[in-house]
Amino acid sequence: MSVLVLAEREGKKLKPSTYQAVTAATAWQLPIDLLVYGDDLDAIATEAQQLAGVRRVLTAQAGHFQHPLVEDVQELVVSIANQYTHILSAHSVFGKSVLPGIAARLDIAPITDVIEIQAPSTYVRPGYAGNILSTIENHEPVQIISVRATAFRASNRGGDAEVVAVDVPPARGISQWISEKLTHSERPELNSARIVIAGGRSLGEEFNALLDPIAVRLDAAIGATRACVDAGFAANDLQVGQTGTIIAPELYIAVGISGAMQHLAGIKDSKIIVAINHDPDAPIFKHADYGLVADLFTVLPELNSALQQN
Amino acid sequence: MKVLVAVKHTIDHNVKPNIHADTGQVDLAQVKKAINPFDEISLEEAVRLKERGQVSEIIAVSIGGIEAKDSLRHAYALGADRALLIETDAQLQPLAVAKLLKAIVAREQPQLIFLGKQAVGEDYGQTGQMLAALLGVGLGTFASEIQLNGDQIEVTREVDKGTQTLSLSLPAVVTSDLRLNEPRFIKLPNLMVAKKKAIETIAVSELDVDLSPRFNVISAREPQQKPGAIQLASVQELVAKLRQAEVLQ
């Protein structure tokens with residue numbers, strides 16, 4: 001019995017969610033193999049080798065993995081799946097896209113968005129926009145699981161895993177990568193930042209001018225509500241909530257955010273929630289640890305200088 | 001060209017479900033149900049393709065009990081040409097749903113298959129990906145923009161830090177994200193006409209698919225709520241509290 005963890009990379013580095021996925025996989029107390037795929041894996045393999053708890057790093061190097069396509073990664077995983085009783089990935093955009101298809105091809109039901117592995121085949125996952133936590137007993141002979149990365153700590157370095165190259169099946173050729181438009185931000189990524197400050201629609205055109213200085217000072221990621229994104233004040237990829245990014249930072253500062261159910265679903269696992277809103281009846285205060293009823297246009301510059309003083 | 005749109009009749013996205021005191025499970029018996037919002041977006045996209053002359057027929061398919069006809073009528077009112085109900089009262093899991101949809105694809109031979117990126121409710125987010133894998137066709141998840149070009153479809157997808165564009169050979173499966181479009185407002189006359197349209201019913205037994213559950217939801221609970229915010233009087237007090245809690249470095 002052993003576990004296959006699907007890694008994800010960003011450029012020449014592993015994504016933080018891969019470190020968290022490895023931690024999740026240790027719950028089974030079985031040998032763990034970490035599968036990395038790409039067109040140039042030297043740096044990635046060296047990094048992956050060091051993850052504590054990993055037995056072997058499997059490298060699948062091929063030109064067509066420069067921009068990995070769901071169909072090709074599925075083909076790769078299915079080609080080695082018979083060696084594993086457990087297959088795990090992060091519940092990231094790529095994990096969400098690739099894992100259910102792997103499961104279907106093996107005629108196995110996957111369990112997605114797991115936040116806790118309670119027993120070898122018992123999992124906790126949220127549903128109903130985070131309003132319900134379900135405990136699931138999975139009877140499948142192969143456990144295929146995606147985990148919400150923020151629910152697990154990142155695994156440490158200090159390992160020294162063996163690196164093994166695996167054969168790569170040919171590209172399927174039914175889909176093609178055309179292009180990517182990624183925003184290059186100086187700010188940390190939303191789903192792995194230690195501190196997130198987010199704004200609602202009421203910040204209007206001042207969204208960046210008000211939040212940026214504080215985010216820089218705190219080394220925080222910037223988030224936004226759906227209404228704020230829809231109104232064009234913030235970029236799409238800043239959306240936090242059920243249909244955007246689900247986050248669990250140590251500190252979440254909600255500015256001018258009323259606290260719609262869909263937004264709360266994306267933040268409720270944050271360790272400390274601070275709500276700043278001019279409306280004392282805003283639902284966000286029921287879900288926050290600290291509240292400040294105030295006008296955000298005066299409070300945010302104040303907060304910026306208060307942080308500067310210390 | 002035919003388009004198939006999967007439609008789930010599910011808990012209304014504004015409703016917060018309760019846990020049944022006796023069963024310890026989510027109580028869905030009395031909750032308000034509606035078409036899954038992401039499926040409505042899929043239908044809207046199919047209708048727009050038809051209005052541009054790129055699609056000849058839109059088939060909406062739902063799986064469930066008789067009450068799922070409500071969502072299929074909604075699909076008719078939005079502009080579907082034909083509606084199918086795979087009738088069953090069983091609580092189906094995503095793998096079984098994907099297999100049933102595969103059987104419908106074999107029957108109808110659509111070139112493009114739309115599903116929502118997830119259904120509101122259990123939020124599994126699996127069915128579209130499973131269907132594509134079972135069919136052996138290309139997949140574009142989290143679509144925010146699509147363009148049909150002959151026997152290819154270009155799908156722009158929402159990824160972690162922006163968007164990615166893929167080109168898929170048809171037939172293909174696309175799962176709709178929120179920003180693909182904004183579904184049109186349904187006019188009352190359309191809804192009245194939709195009520196009179198026939199919905200073809202297919203018995204689940206006709207499709208010869210193993211529907212047995214693979215996992216059990218053994219219990220459900222509500223997450224722990226915070227007791228409510230401690231109201232602070234000033235920014236200085238807030239900064240002091242955060243330093244105390246050691247979240248500011």
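Me: How do the residues lining the second largest cavity divide into nonpolar, polar and charged?

Reply: Keep in mind that this is a predicted model. The lining of the second largest cavity divides into two nonpolar, two polar and three charged residues.

Me: Which residues line the second largest cavity?

Reply: They are B:Gln93, B:Leu95, B:Ala96, B:Lys99, B:Asp210, B:Ser212 and B:Arg214. The volume of that cavity is about 50 Å³.

Me: What about the largest cavity, what volume does it have?

Reply: About 80 Å³. Its lining takes in 13 residues, and nearest the centre are A:Tyr128, A:Ala129, A:Met261, B:His13 and B:Val120. By class, that lining holds six nonpolar, five polar and two charged residues.

Me: And how many cavities of 30 Å³ or more are there?

Reply: Three.

Me: Switching to salt bridges. How many over all chains?

Reply: The count is 32. One of them pairs the side chains of B:Lys161 and A:Glu10, at 3.9 Å from N to O. B:Lys161 sits in the loop between strand 10 and strand 11 of chain B, while A:Glu10 belongs to strand 2 of chain A, so this pair joins two chains.

Me: Is B:Lys161 buried, exposed or partly exposed?

Reply: Partly exposed, because its relative accessibility is 27%. A:Glu10 also counts as partly exposed, at 34%.

Me: What does A:Asp33 pair with?

Reply: A:Asp33 makes a salt bridge with A:Arg56, and the N to O distance is 2.8 Å. This pair links distant parts of the chain: A:Asp33 is in strand 4 of chain A and A:Arg56 in strand 5, 23 residues apart.

Me: Why does A:Asp33 count as buried?

Reply: Because its relative accessible area is 0%, and the cut-off for buried is under 20%. A:Arg56 has 22% relative accessibility, so A:Arg56 counts as partly exposed.

Me: Which residues are linked in a network of salt bridges?

Reply: The network links B:Lys2, B:Glu57, B:Arg82, B:Arg107, B:Glu108 and B:Glu200. Within it, the side chains of B:Glu108 and B:Arg107 meet at 3.4 Å, N to O. B:Glu108 is buried at 7% relative accessibility, whereas B:Arg107 is partly exposed at 39%.

Me: OK, cores now. What's in the largest nonpolar core?

Reply: That core has 49 residues, and A:Leu4, A:Leu35 and A:Ile87 have the most contacts inside it. Another core lies apart from it, with 47 residues, including B:Leu49, B:Leu112, B:Leu148 and B:Ala172.

Me: What is A:Leu4 in contact with, leaving aside its neighbours within four places in sequence?

Reply: Its partners are A:Asp33, A:Leu35, A:Leu58, A:Val77, A:Ile80, A:Tyr84, A:His86, A:Ile87 and A:Leu88. A:Asp33 is the residue from the salt bridge with A:Arg56.

Me: Let's look at chain B as a whole. How many helices and strands?

Reply: Chain B has six helices and 15 strands. Its C-alpha trace spans about 65 × 45 × 40 Å along the principal axes, and 54% of its 249 residues count as buried. Of the contacts in chain B between residues at least 6 apart in sequence, 69% join residues at least 24 apart.

Me: Where's the cis peptide bond?

Reply: It joins B:Leu170 and B:Pro171, with omega about -5°. B:Pro171 is in the loop between strand 11 and strand 12 of chain B.

Me: Which residues have a positive phi without being glycine?

Reply: B:Gln109 is one of them, with phi of about 50°, and B:Asp123 is another, with phi near 55°. B:Gln109 lies in the loop between helix 3 and strand 8 of chain B, and B:Asp123 in the loop between strand 8 and helix 4.

Me: Are those two buried or exposed?

Reply: B:Gln109 is exposed, with a relative accessible area of 56%. B:Asp123 is buried, at 12% relative accessibility.

Me: Last one: where is B:Arg221, and what is it in contact with?

Reply: B:Arg221 is in strand 14 of chain B. Leaving aside neighbours within four places in sequence, B:Arg221 is in contact with A:Val124, A:Asn131, A:Ile132, A:Leu133 and B:Ile19. At 37% relative accessibility, B:Arg221 counts as partly exposed.

Conventions. Residues are numbered from 1 along each chain as its sequence is written. Chains are lettered from A and ligands numbered from 1 in the order in which they are written. This is a predicted model: local features need pLDDT of at least 70, side-chain atom pairs count only at pLDDT 80 or more; totals for chains, interfaces and linings use all residues. Side-chain values use heavy atoms; hydrogens and water are left out. On a 1 Å grid over the protein atoms alone, a cavity is a set of points where a 1.4 Å probe fits but cannot get out, and a pocket is an open set with protein on both sides within 12 Å along at least five of seven lines; lining residues have an atom within 4 Å of a point. Grid points are joined across faces, edges and corners, and a volume is the space filled by probe spheres set on the points. Ala, Val, Leu, Ile, Met, Phe, Trp, Tyr, Cys and Pro count as nonpolar, Asp, Glu, Lys and Arg as charged, and the others, Gly among them, as polar. A nonpolar core is a set of buried Ala, Val, Leu, Ile, Met, Phe, Trp, Tyr and Cys residues joined through side-chain atoms within 4.5 Å. Buried means under 20% relative accessible area, exposed over 50%, partly exposed in between (1.4 Å probe, protein chains only). Contact means heavy atoms within 4.5 Å. A salt bridge is a side-chain nitrogen of Lys or Arg within 4 Å of a carboxyl oxygen of Asp or Glu. Helices (H or I, at least four residues) and strands (E, at least two) are DSSP runs, numbered from the N terminus.
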